[in-house]
There are 2 protein chains.
Amino acid sequence: MVEDKVSALKETPAATDTTARIMDWIGNAAKEAAARLAQADGETKNRALRAAAQAVRDSSAAILDANERDMQAAEAKGLVRAMLDRLALTPERIEAIARGLEEVAALPDPVGRVLAEWERPNGLKIARQSVPLGVIGIIYESRPNVTADAGGLCLKAGNAAILRGGSESFHSSTAIVACLQAGLKEAGLPETAVQAMPGTDRELVGAMLRANAYIDVIVPRGGRSLIERVMNESRVPVMAHLDGICHVYVDGAADPKKARRIALNAKMRRPGVCGAMETLLIDAQAMAAMLPSMLDDLITEGCEVRGDPAVCGLDPRVVPATEADWSTEYLDAILSVKVVNGVEGAIRHINMYGSHHTDSIVTEDAATAERFLAAVDSAIVLHNASTQFADGGEFGMGAEIGISTGKLHARGPVGAEQLTSYKYIVRGDGQIRP
Amino acid sequence: MVEDKVSALKETPAATDTTARIMDWIGNAAKEAAARLAQADGETKNRALRAAAQAVRDSSAAILDANERDMQAAEAKGLVRAMLDRLALTPERIEAIARGLEEVAALPDPVGRVLAEWERPNGLKIARQSVPLGVIGIIYESRPNVTADAGGLCLKAGNAAILRGGSESFHSSTAIVACLQAGLKEAGLPETAVQAMPGTDRELVGAMLRANAYIDVIVPRGGRSLIERVMNESRVPVMAHLDGICHVYVDGAADPKKARRIALNAKMRRPGVCGAMETLLIDAQAMAAMLPSMLDDLITEGCEVRGDPAVCGLDPRVVPATEADWSTEYLDAILSVKVVNGVEGAIRHINMYGSHHTDSIVTEDAATAERFLAAVDSAIVLHNASTQFADGGEFGMGAEIGISTGKLHARGPVGAEQLTSYKYIVRGDGQIRP
């Protein structure tokens with residue numbers, strides 16, 4: 001219905017005006033859907049999620065066809081291998097999408113939780129209770145599975161979603177959105193609770209960023225240039241992941257075996273994730289005893305190590321680090337290594353060069369650990385564990401829409417619970433204010 | 001020290017460049033102060049607040065002198081009476097400022113609360129713990145008491161504050177900031193934890209709105225044009241109060257005595273506060289029996305009533321309402337009154353015309369009340385109580401920096417607790433991610 005209006009509109013000449021009107025229609029439909037979703041009970045929303053999972057399985061062939069069209073266009077455009085891999089769907093990946101929706105259905109209902117309640121001396125009973133945020137705009141790059149993950153998580157928390165995927169995944173995403181809408185329909189919920197922006201025109205992204213009359217929060221997912229564009233242009237509040245410059249600090253009182261295992265895992269398990277260690281800090285007191293074997297592990301595994309002069313002196317394979325290395329997120333098998341003076345030196349370095357994402361200390365000294373955990377100003381601080389645990393799933397939160405590096409509203413993994421707001425419910429018996 | 005640098009800078013010629021450098025210095029000083037404040041214990045911050053209160057009392061004469069300068073300039077500029085009244089300080093108002101700081105000191109510490117904790121199957125122990133937000137920018141109009149209220153509340157929650165008061169209150173605010181800084185100094189905390197922008201140049205506001213490298217959140221307090229400028233221009237996240245178009249809905253099953261008391265109080269106790277009722281909705285079933293006496297109360301108390309045709313027919317003193325009345329925040333002794341069809345009609349009207357601030361239902365029917373409380377999408381919904389309770393103090397939250405009409409981070413009254421973020425603290429024993 002909205003789609004009909006939209007295609008009629010797209011034929012009119014004035015493009016910008018048309019874009020604004022498309023946004024008005026989609027925005028209004030989303031607000032209406034959000035109002036209905038906010039009143040739906042948890043079981044109805046879960047039924048929609050499970051029906052959407054079944055629709056994904058039933059439409060497997062159609063989704064693969066759509067994906068094949070995207071892949072051919074992407075190959076013709078000469079996309080690099082890594083991007084093609086992110087874009088490609090297989091029967092296994094489609095099954096994973098369906099299972100993901102079912103897992104979201106199985107999560108506890110994040111709406112209607114009583115977050116606090118108390119009574120006032122005048123007899124007023126006050127409760128703070130979680131409610132959906134409203135309408136969430138998601139702007140993402142070419143991973144088609146984000147369509148289902150983000151749409152499903154928004155629905156779980158009672159929010160309407162407006163999705164804008166990368167142009168490369170347009171057909172795949174459209175096919176997946178159809179499955180989510182089929183699930184909504186089957187549960188008697190408005191299909192407009194999950195909408196895709198109609199087309200790949202960049203101007204449609206601009207329209208979303210100006211749509212503060214309709215959209216309560218924008219979640220961008222993708223590379224740094226996308227995030228920066230969204231953060232700079234958006235008139236809608238943004239919940240975003242900027243950088244993951246994560247550190248492991250190996251203290252003088254570290255257990256050498258733990259330090260070695262954690263450093264290798266934090267960097268090399270998956271060097272391209274946001275929770276991967278980018279800089280290893282080592283206490284001057286531990287350098288001689290612990291660092292050589294750690295460097296050898298990393299270099300043997302194929303990691304390029306860039307060190308300060310002291311580190312370079314330990315192993316001829318280490319190349320000299322420049323000042324820029326301390327604030328670089330490599331997202332690759334590259335690591336910078338620096339010697340610091342104890343935990344205070346580590347805290348200073350991390351708070352100055354880090355991105356307030358995820359940082360870990362390895363030590364057997366409890367007081368040193370507590371000092372680090374308190375003073376490092378990051379979303380996630382760990383003691384004796386790998387930074388690669390920075391993930392909503394590993395936290396037991398179920399699916400996540402991303403990790404927030406901001407401090408407002410949600411910090412760290414953003415799951416269904418973080419996609420809610422709250423309201424105050426006040427029950428009285430005729431009280432007036434003196 | 002920062003002040004010395006700033007006054008040296010102000011003599012250089014290139015104004016915009018100078019503004020940017022002033023912002024850099026103040027911003028850096030605030031970040032450093034915030035890092036120290038984040039590590040201060042509750043008692044140290046409370047000592048600073050109590051010492052600041054004492055400094056306010058000791059400096060009463062100097063504050064009154066400064067205020068006299070502001071008042072003379074304001075009178076010369078021909079400011080209206082209401083603004084002069086907001087600007088004026090008296091010994092009683094200065095004592096109230098001091099007492100306000102002591103009351104903030106007496107609040108529970110909002111930092112370090114364990115918001116949730118759990119253990120993962122792999123043995124990782126995860127805690128979500130409240131931490132300060134960081135640096136808070138407050139842009140406000142000419143009430144000098146906001147300087148102390150906002151600065152004190154930020155300090156309580158471990159945040160550094162950058163204050164930009166209205167030009168009319170510049171001398172008064174500067175004198176109060178000096179007291180807050182004296183309190184910080186006495187407690188051994190950095191004086192730069194509370195800074196005022198140096199001067200009344202509008203360009204300094206622009207600099208704050210661009211300072212996302214230093215400021216974590218901007219809280220504007222003032223009239224609609226200020227709030228709109230801040231929301232439109234800010235590159236820093238904003239927590240703001242926009243409109244308070246509050247409703248009371250009197251249901252057919254209302255207790256007439258409660259309805260009469262609540263309606264009169266909700267409008268006339270203080271017609272100019274954001275929680276004042278602007279529209280009274282009455283169930284068609286209750287109109288004939290309940291509305292005449294309610295209208296008479298209001299009109300007798302000096303309220304202008306604008307009604308729909310049915311309401312006009314009940315009392316010749318009622319003037320016809322126009323469509324614009326349903327979305328107008330009068331902040332004055334004016335009220336619009338409309339007849340609706342039961343609770344569903346009321347919900348539709350409120351969600352369409354209201355501002356999602358504060359809305360109340362008067363009814364003795366529990367199911368009707370629950371329907372209203374669930375379906376009205378507002379920060380505060382009340383049953384059988386006056387909308388004038390929309391206030392952090394009345395909620396028992398202690399002082400508030402304002403009421404947020406946004407849904408992200410904080411909704412409704414913003415007290416010390418809402419001026420915090422959180423971090424995840426993860427304790428392991430050598431865990432790596434498989």
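Strands here are DSSP runs of E with at least two residues, numbered from the N terminus. On that basis, B:L331 sits in the loop that links β10 (319-320) and β11 (334-340) of chain B. The model is predicted.

B:L331 has a positive phi, near 50°, and is not a glycine. Most residues other than glycine have a negative phi. B:L331 counts as partly exposed because its relative accessibility is 39%, between the 20% and 50% cut-offs.

B:S327 belongs to the loop between β10 and β11 of chain B. Its relative accessible area is 43%, so B:S327 is partly exposed. What does B:S327 touch, not counting residues up to four places away in sequence? The partners are B:I245 and B:Y353. B:T279 is 48 residues from B:S327 along the chain, and their C-alpha atoms are separated by 8.9 Å.

Strand β10 of chain B holds B:V319. With a relative accessible area of 34%, B:V319 is partly exposed. Leaving aside neighbours within four places in sequence, B:V319 is in contact with B:E304, B:V305, B:R306, B:G307 and B:C312. One of these, B:G307, is 12 residues away from B:V319 in sequence and 6.2 Å away in space, C-alpha to C-alpha.

## A positive phi in chain A

A:H409 is not a glycine, yet its phi is positive, at about 65°. The residue lies in the loop between β14 (402-404) and β15 (412-414) of chain A. Is A:H409 buried or exposed? A:H409 counts as buried, because its relative accessibility of 16% is under 20%.

## The annotated domain

The UniProt record, an unreviewed entry, annotates residues 19-295 of chain A as "domain: Aldehyde dehydrogenase". Over residues 19-295, the chain is 54% helix and 16% strand. The end C-alpha atoms of this stretch are 55 Å apart.

## Helix pairs in chain A

| Helix pair | Angle | Axis separation |
|---|---|---|
| α3(A) (42-58) and α6(A) (91-106) | about 170° | 8 Å |
| α9(A) and α10(A) (224-233) | about 45° | 9 Å |
| α14(A) (342-353) and α15(A) (366-375) | about 15° | 10 Å |

Take α3(A) and α6(A), which pack at about 170°. That angle is over 145 degrees, so α3(A) is roughly antiparallel to α6(A). From α3(A), the contact draws on A:N46, A:L49, A:R50, A:A52, A:A53, A:V56 and A:R57. From α6(A) come A:I94, A:E95, A:I97, A:A98, A:R99, A:L101, A:E102, A:V104 and A:A105. By class, the contact of α3(A) with α6(A) has 10 nonpolar, 1 polar and 5 charged residues.

Next, α9(A) and α10(A) pack at about 45°. The angle makes α9(A) oblique to α10(A). Their crossing is right-handed. A:R202, A:V205, A:G206 and A:L209 of α9(A) make the contact with A:R229, A:V230 and A:E233 of α10(A). The contact of α9(A) with α10(A) divides into 3 nonpolar, 1 polar and 3 charged residues.

Helix α9, residues 202-209 of chain A, also holds A:A207. A:A207 counts as buried because its relative accessibility is 5%. Not counting residues up to four places away in sequence, A:A207 touches A:T19 and A:M23. How far is A:A207 from A:D70 in space, C-alpha to C-alpha? The distance is 24 Å, and the two are 137 residues apart in sequence.

Last, α14(A) and α15(A) pack at about 15°. The angle is under 35 degrees, so α14(A) is roughly parallel to α15(A). The two helices pass in a right-handed crossing. On the α14(A) side, the contact residues are A:V343, A:E344, A:I347, A:I350 and A:N351. On the α15(A) side, they are A:T368, A:R371, A:F372 and A:A375. The residues of the contact of α14(A) with α15(A) comprise 5 nonpolar, 2 polar and 2 charged.

Note on methods:
Residues numbered from 1 in each chain as written. Chains lettered and ligands numbered in written order. Predicted model: local features only at pLDDT ≥ 70, side-chain atom pairs only at ≥ 80, totals over all residues. Heavy atoms only, no water. Helix = DSSP H or I, 4+ residues; strand = E, 2+ residues; numbered from the N terminus. Buried < 20%, exposed > 50% of the residue type's maximum accessible area, 1.4 Å probe, protein only. Contact = heavy atoms within 4.5 Å. Axes fitted to C-alpha atoms, helices over the stretch in contact; angles between N-to-C directions. Parallel < 35°, antiparallel > 145°, perpendicular 65-115°, else oblique. Left-handed = near helix turned anticlockwise from the far one by under 90°. Nonpolar A, V, L, I, M, F, W, Y, C, P; charged D, E, K, R; others polar. UniProt positions renumbered as here; feature names shortened; annotations may be inferred.
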